[in-house]
Amino acid sequence: MLMMAILPARLSGEPDPLQKYRSILWDHLVALCDIGPRYPGSDGHVKTRAYIRQVAERHADSWKEQAFVARVGYADELPLYNYELTFNGTGDKPPILLGAHYDTRPFADEETDPQKEGQPIIGANDGGSGTAVLLALAEYFDENPPERTVKLVFFDGEDWGRKGSDEYFLGATYYAEQLKKEDPSTWPARALVVDMVGQKDLKIFKEQYSFRSSPSFIETVFDTAEDLGVKEFVPMLRYSVRDDHLPFIHMKIPSVLLIDFDYSYWHTLEDTLDKCSADSMLAVLRVVVETVRRV
Ligand SMILES: [Zn+2]
């Protein structure tokens, strides 16, 4: 009975209820890439925020914009905006946070050609794919209300900082600072962050900060992937990646980052749609949806 319950639909011969999200994911990613670079202060950033708000209006039970000004080295005052979409749980367990950054890098500083390194990236995978997964999840949780309240949080300012600076994950840091002012009983019980999950031949290894801080949560995530037969998840340790999950780890909230950091187009002008795959994003969506059910 238990085995039946966890068999992936595509192996059991049942119609696969998640298959329709393949094109939903892809359409979102195409739309984001069509907007162009989406770094704070750009036209694309304004358009992306409107796009997220539109999805929020259509699908979320409630949502809010968290506007703030970051004080950073090379732009003094940087207006940033997080978005939190809430899907009310049918039970009364504390919420789970699912997060991704929607901003893209303002400069392609991994380019070796000095002509290119100052140009903003499209960020199909870095900035695009995680956002597309969250946007598709909004539709999913609208149609399939979760037992545990889900907060989809679109973080701003993850990729703003110059190399070597500490001006990364500005949005997640601010969101966590605000959370600290609230009663801890209202904090999310888990935080699951997705970033760079769209590349072809996706391989997601266990990220080290997640593993060290949240061993049982990361085990649940990778066990879920294994039970679902999602081969894109490889239950081995690999990189340490400083990302939007760190502020939540500091709050002792079990937090996991899902990322494939083996991406040769990272922070270059070549991080474009043709490097991405709908199947990769769908694999991640499957594991996220089932993980939310299990925790
Ligand atoms: Zn990045």
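Author: What follows sets values against definitions, one topic at a time. This is a predicted model, in which local features need pLDDT of at least 70, side-chain atom pairs count only at pLDDT 80 or more, and totals for chains, interfaces and linings use all residues. Residues are numbered from 1 along each chain as its sequence is written, and side-chain values use heavy atoms, with hydrogens and water left out.

Reader: Why is H101 called buried?

Author: Buried means under 20% relative accessible area, exposed over 50%, and partly exposed in between (1.4 Å probe, protein chains only). H101 has 1% relative accessibility, so H101 counts as buried. H101 is found in strand β3, residues 96-101. A strand is a DSSP run of E with at least two residues, a helix is a run of H or I with at least four, and both are numbered from the N terminus.

Reader: Which side chains does the side chain of H101 make polar contacts with?

Author: A polar contact is a pair of N or O atoms within 3.5 Å; within protein, one must be able to donate a hydrogen and the other to accept it, and residues adjacent in sequence count only if both atoms are side-chain atoms. The H101 side chain is joined to that of D126 at 3.0 Å. With the side chain of E158, the contact is 3.2 Å.

Reader: What makes a space a pocket or a cavity?

Author: On a 1 Å grid over the protein atoms alone, a cavity is a set of points where a 1.4 Å probe fits but cannot get out, while a pocket is an open set with protein on both sides within 12 Å along at least five of seven lines; lining residues have an atom within 4 Å of a point. The structure holds one cavity of 30 Å³ or more. The largest cavity has a volume of about 60 Å³. Among its lining residues are F205, R238, V241 and D260.

Reader: How do you know that the length of helix α10 agrees with its residue count?

Author: The expected span is 1.5 Å times one less than the number of residues. For the 17 residues of α10 (278-294), that gives 24 Å; the end C-alpha atoms are 24 Å apart, so the two agree. Of these 17 residues, 14 are buried. S277 caps the N-terminal end of α10, with a side-chain oxygen 3.1 Å from the backbone nitrogen of D279.

Reader: What makes D201 and K252 exposed?

Author: D201 is exposed because its relative accessible area is 70%. K252 has 73%, so K252 counts as exposed. D201 lies in the loop between β5 and β6, and K252 in the loop between α9 and β8. D201 has a positive phi of about 55° although it is not a glycine. Phi of K252 is near 65°, again a positive value in a residue other than glycine.

Conventions:
Points joined across faces, edges and corners; volume = space filled by probe spheres on them.
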